[in-house]
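Me: I would like to go through this protein with you, piece by piece. Could we begin with how exposure is judged and then look at the structure itself?

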Amino acid sequence: MKYIKYHKAFTFILVIIAMICLIVFMQTSLKASADGKRANGSTIGGVNVSGLKDDEIKEVLENAILEWKSEPIIIQGGGAELTINPEEIQFDIERSIKNYRNLTDKPFFLFWTSDRKVQIPIYISESEVVKNQISNISIWDTEETYNQVVMQASYLKSHEIEAIVTDTTQLKNERIALSIEEIPENAIGVQLLAEALDEYILKPNNPFSLLTDLENLTDSANIEGLNFFGSMIYNTVLQSKVEILERHPQKEIPDYLQPGMDVYIDAFTEKDLQFVNVSEHPYLLKTTVEDNRLKVELYSSVKEATVQVYVDQQPIAPRIINRYSKDLPMGATKLIQEEKQGLRVTVTRKISENGDEQIQEISRDYYAPINRIVLKSTSQPVSDAIEEQGNNTNSSLVENVDLDGDGLPDYDNSNEVSLDEDLPPGSYYDKGGNLVTP
């Protein structure tokens, strides 16, 4: 009996000791959790605060905010700009720390679980001063733009903020360019492209890229649609103060616009149309489809300059290529390819502003001619053969003939005679239509 009493007493003491150890361990765990001893990457306003006590968090946040306030806040949008004094932004550090603790502190009975990782903003008190300054810009949405400022500031991000523009009527004061063309039958997706760029604002010194701005829609249009839409944009903005950064001509002259005004767009090969507004004011680009016609307009609040575009065309005559076949009846001929005139095109423009005139050469394009190809019978009446032979006493065989008009030899016709050409052996025409003799 005495042994049993001692055994119970010993067991009781062990239980007491175990409970004391458990309480000490729990208190240590809770303290470590409360002080954030376990660094887990938690941030307040983008500043790492994991493993820090409250007073330490307050110190690092104050230093980060002080550094952020060393630069002014610049809001831009719709051609307007506003500078905000960063001292007008009031940060609530105490509230931010309290929110951080509420999210990361754990109940004592969950002491074994990992600390929660959070990334929260710094609380910012409402600023009527900043709101009033934003409201002075009539084309901006005050609440939405103010929210942009708060979002950037609460995470101590960039000082440059994009305003939310809602009113573009002020930019429609002056229409400075207009292009209207019927949409080609084989052009697909023009309506979607027009809807995507309608009411687009071309900000000063802000480069524009057609492929970038239509990135999600390039698969909705075919090459003909992209080429037509890009050509219309190019033809319109060329009548304003824009600098062309990238433009590629089409290989053949399209049925719309003037030669030299066309654009080739290809997302796969990254053939893009890029330009930048070099005026002091924003432009408003409107693109609409009416009665299967695409209308592209360019507006500005003021007309800074008068821009005139000139297109100089120099025709390149096609040649006649005679080919021969024994399969045709005697004296018969067959038209294989109709000819089409080629062009050398130079585009210039004159910008007149404040009494000064500036002449700019924009582009030089070459559109190769398409040669006329005629197939003739090798069998001819005797009288015709004698006459033809007499008219070509000094003619020679034409080798390396350029059939596709690209200026490069692509056909070895050493066994055929050209009745209208008198070229030295091995000669050919280059892309400019010039005779090259080896």
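Reply: A residue is called buried under 20% relative accessible area, exposed over 50%, and partly exposed in between. Please keep in mind that this is a predicted model.

Me: Where is Asp 198 placed?

Reply: Asp 198 sits in the loop that links H6 to strand S10 (200-202).

Me: And what does Asp 198 touch, leaving aside residues up to four places away in sequence?

Reply: Asp 198 touches Leu 285, Lys 286, Thr 287 and Thr 288. For Thr 288, which is 90 residues apart from Asp 198 along the chain, the C-alpha atoms of the two are separated by 6.8 Å.

Me: Let us step back. How many helices and strands does the protein have?

Reply: The protein has nine helices and 23 strands. Of its 438 residues, 39% are buried. Among contacts with a separation of 6 or more, 72% are between residues 24 or more positions apart.

Me: Which residues touch the most other members in the largest nonpolar core?

Reply: They are Leu 210, Phe 229, Ile 233, Leu 273, Phe 275 and Leu 294, in a core of 40 residues. At least two core residues are supplied by each of strand S9 (174-182), helix H6 (190-197), helix H7 (210-213), helix H8 (223-237), strand S14 (283-290), strand S15 (293-300) and strand S19 (342-353).

Me: Which element gives the largest share of this core?

Reply: H8 does, with seven residues.

Me: What does Leu 210 touch, again not counting residues up to four places away?

Reply: Leu 210 touches Leu 197, Phe 229, Gly 230, Ile 265, Asp 272 and Leu 273.

Me: What about the second core?

Reply: The second core is separate and has 33 residues, including Ile 57, Leu 61, Ala 80 and Trp 140.

Me: Back to H8. Is H8 mostly covered or uncovered?

Reply: H8 is mostly covered, with 13 of its 15 residues buried. From its first C-alpha to its last, H8 reaches 21 Å, close to the 21 Å expected at 1.5 Å a residue.

Me: How do H6 and H8 pack?

Reply: Their axes are 9 Å apart and meet at an angle of about 40°. H6 is therefore oblique to H8. The crossing of H6 and H8 is right-handed.

Me: Which residues meet between H6 and H8?

Reply: H6 contributes Val 190, Leu 193, Ala 194 and Leu 197, while H8 contributes Gly 225, Leu 226, Phe 228 and Phe 229. As background, an α-helix has 3.6 residues a turn, so residues three or four places apart point the same way.

Me: At what angle do H2 and H3 pack?

Reply: Helix H2 (residues 54-68) and helix H3 (residues 93-104) pack at about 130°, with their axes 10 Å apart. H2 and H3 are therefore oblique to each other, and their crossing is right-handed. From H2, Asp 54, Ile 57, Lys 58, Leu 61, Glu 62 and Ile 65 meet Ile 93, Glu 94, Ile 97, Tyr 100 and Arg 101 in H3.

Me: What surrounds Leu 238, not counting residues up to four places away in sequence?

Reply: Leu 238 touches Ile 244, Met 261, Val 307, Val 309, Val 347, Arg 349 and Ile 362. The C-alpha atoms of Leu 238 and Ile 362, 124 residues apart along the chain, are separated by 9.1 Å.

Me: One last topic, backbone angles. What is phi of Glu 270?

Reply: Phi of Glu 270 is near 60°, a positive value in a residue other than glycine. Most residues other than glycine have a negative phi. Glu 270 is in the loop between S12 and strand S13 (274-277), and Glu 270 counts as exposed at 62% relative accessibility.

Me: And what is phi of Asn 292?

Reply: Asn 292 also has a positive phi, near 60°. Asn 292 lies in the loop between S14 and S15. With a relative accessible area of 43%, Asn 292 is partly exposed.

How values were computed: Residues numbered from 1 in each chain as written. Predicted model: local features only at pLDDT ≥ 70, side-chain atom pairs only at ≥ 80, totals over all residues. Heavy atoms only, no water. Core = buried A, V, L, I, M, F, W, Y, C linked by side-chain atoms within 4.5 Å. Buried < 20%, exposed > 50% of the residue type's maximum accessible area, 1.4 Å probe, protein only. Helix = DSSP H or I, 4+ residues; strand = E, 2+ residues; numbered from the N terminus. Contact = heavy atoms within 4.5 Å. Expected span 1.5 Å × (residues − 1). Axes fitted to C-alpha atoms, helices over the stretch in contact; angles between N-to-C directions. Parallel < 35°, antiparallel > 145°, perpendicular 65-115°, else oblique. Left-handed = near helix turned anticlockwise from the far one by under 90°.
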